[in-house]
Amino acid sequence: MTSTRVRRGAHSEGKRSERRLAWMLCAPAALVMVAVTGWPIVYSVYLSLHRYDLRFPGQQEFIGLENYAVVLTNSYWWTAFGVTLFITVVSVAIELVLGMALAITMHRTLLARGLVRTVTLIPYGIVTVVAAFSWFYAWTPNTGYLAEAVTPGSAPLTERAASLAIIILAEVWKTTPFMALLLLAGLALVPDDLLRAAAMDGAGVWQRFVKVTLPVMKPAILVALLFRTLDAFRVFDNIFILTSGANDTSSVSMITYSNLIQGLNLGIGSTMSVLIFIAVAIIAFVFVKLFGTAAPGSSAQGGGR
Amino acid sequence: MPVETASPGRRRTWWTFVNVVVIVYALLPVLWIASLSFKTKETVTDGNLVPRDWTLSNYGDIFRTDEFVRALINSIGIALIATFIAVALATMAAYAVARLEFPGKRALVGVSLLIAMFPQISLVTPLFNIERELGLFDTWPGLILPYITFSLPLAIYTLSAFFREIPWELEKAAKMDGATPAQAFRRVIAPLAAPGVFTSAILVFIFCWNDFLFAISLTSSEASRTVPAALSFFTGSSQFEDPTGTISAAAVVITVPIVLFVLFFQRRIVAGLTSGAVKG
């Protein structure tokens, strides 16, 4: 934009060609992103204002906000919304604590550092569906080692509370390493001198952690929390495999999916899409405004480090 | 954190203990599904952590069914093509973001950030209908397009972070020698940037390989169903057979490439994952 480059006085021909090159380089990526997300968003707003059921294609018509009224007064929707919020808050909270412990382990461990890092990447990389099946069979009566050991004689995946706990367990297992890696990068920014100085002044391990490490890491923690919160809010794969949404364990993603595939009601489905989009926007807004999370890349020229 | 005054021996024991906990935590579910895949049909429901009777018949079964082989081909093909295109587009964009001044840079970074946080389910219903009308539903491009879109932000961040670390004096030198910016990009910077490009390719591939939501919503047949989606339809070689063993075997097969990536490129993956996210 107006930011100054050193060769301002130089002939503006170079500058113009630089700009043209930049646009040419960015255009394909920008076009794909806008075409595959921008257009469908606009389209889903349009669909959400219409009655559009694929089973009754003849009855397509503009109905204003009626779909929103239908969804927002539907108890299944609110149950799913509550479940999603619950899973998001609980799993992100657990992940933050475990992730911090794991990050400190990776940062400080004296032995086998490479091995520990390699191993923790496996949950990150593994296909969520695969992990979900692993948990599913582990908690299936007779088949699973966990079902036999922890809950003999009952089927945890047929009870709501137990199902939710297992879904959270699966989410936490899968994403804690990612959280830990983001925190690890923040941990590396904490100057050792500062910790040593605090130790000199008589601060204990816990005090040093709370008074020195955490404040320095605050930006990294907030970014990690923002990423993971928005990601957890999309929870789908684990629920699909573990319970298929039985016993009121559907998330908003799950309920939107079932409405699409089983209901084929595009009007209602798009309404849910728009509502989820708004919910995510609110979460992001809260993080950025209230906690002052600096979105990565938000400083236009973040380079140089 | 251990108490720093503890003796070296005790610290060693402590760290051994912590590391064992971490390793068991990370590997147990993976080993469990592997163990299930090696169990015979008679012992699959015995609840034992380690198989009593080992067999490879589950693997034989899945590779004999069209359902799995087709899905595996789809998975590999779709993930590779999407990775290739996404990384190519992201490399160009990231170069511009890292190196050039131009109006609209903030908008580009902002849009890709939005997409990175976008709830994918919000796209499923409209995309379902759009793809149906365009004839893209249940085809490879029908999955490749959303995969490219959702991996572009990740790739652009990772790559522009890598690109900022490159010694750009070399580019200037090339320009002094009369190279155009485009030539400088191709001849000088591209080779230097290769490791970063490779890293983001791995991350993008993992993302595409992993996807389930699009795979199950935008496909309806073996024509384009990827393994994660196919797994949820598995019923075993006959309808009345318990599919536990075969699902586990298929799950292990698609886990192998991930484990290999992680084993060989651990350092790069860590660098790539943390580069874009924390700096800013």
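Which residues of chain B does UniProt list for "transmembrane region"? The unreviewed UniProt entry lists residues 12-34, 71-95, 107-128, 140-163, 184-207 and 247-265 of chain B. The views below come from a predicted model.

**View 1. Chain B is built from helices, with eleven helices and zero strands.** Read along the sequence, the pattern of chain B is α-α-α-α-α-α-α-α-α-α-α. The C-alpha trace of chain B spans about 75 × 70 × 35 Å along its principal axes. Of the 280 residues in chain B, 49% are buried. Among contacts in chain B with a separation of 6 or more, 74% are between residues 24 or more positions apart.

**View 2. Two of the spans listed by UniProt are residues 140-163 and residues 184-207 of chain B.** Residues 140-163 of chain B are 100% helix and 0% strand. The end C-alpha atoms of residues 140-163 are 31 Å apart. Residues 184-207 of chain B are also 100% helix and 0% strand, and the end C-alpha atoms of this span lie 31 Å apart.

**View 3. The largest nonpolar core has 167 residues.** The residues that touch the most other members are Phe133(A), Leu183(A), Leu242(A), Ala90(B), Ala93(B), Ile156(B) and Ala250(B). Helix H3 of chain B, residues 66-99, gives the most to this core, with 16 residues. Leaving aside neighbours within four places in sequence, Ala250(B) is in contact with Ile62(B), Phe68(B), Val227(B), Leu231(B) and Phe234(B).

**View 4. Chain A and chain B meet in a contact that takes 95 residues from chain A and 93 residues from chain B.** On the side of chain A that touches chain B, helix H1 of chain A (residues 12-48) provides the largest share, 18 residues. By class, this side of chain A has 60 nonpolar, 26 polar and nine charged residues.

**View 5. Ser244(A) and Asp248(A) have positive phi values.** Ser244(A) is a residue other than glycine, and its phi is near 55 degrees. Ser244(A) is in the loop between helix H10 (237-242) and helix H11 (252-263) of chain A. How many other C-beta atoms lie within 10 Å of Ser244(A)? There are 14 of them, so Ser244(A) is partly exposed. Asp248(A), which is not a glycine, has a phi of about 55 degrees. Asp248(A) is placed in the loop between H10 and H11 of chain A. Asp248(A) counts as partly exposed because it has 15 C-beta neighbours inside 10 Å.

Conventions:
Residues numbered from 1 in each chain as written. Chains lettered and ligands numbered in written order. Predicted model: local features only at pLDDT ≥ 70, side-chain atom pairs only at ≥ 80, totals over all residues. Helix = DSSP H or I, 4+ residues; strand = E, 2+ residues; numbered from the N terminus. Buried ≥ 20, exposed ≤ 12 C-beta atoms within 10 Å, placed from the backbone. Contact = placed C-beta atoms within 7 Å. Core = buried A, V, L, I, M, F, W, Y, C linked by C-beta atoms within 7 Å. UniProt positions renumbered as here; feature names shortened; annotations may be inferred. Nonpolar A, V, L, I, M, F, W, Y, C, P; charged D, E, K, R; others polar.
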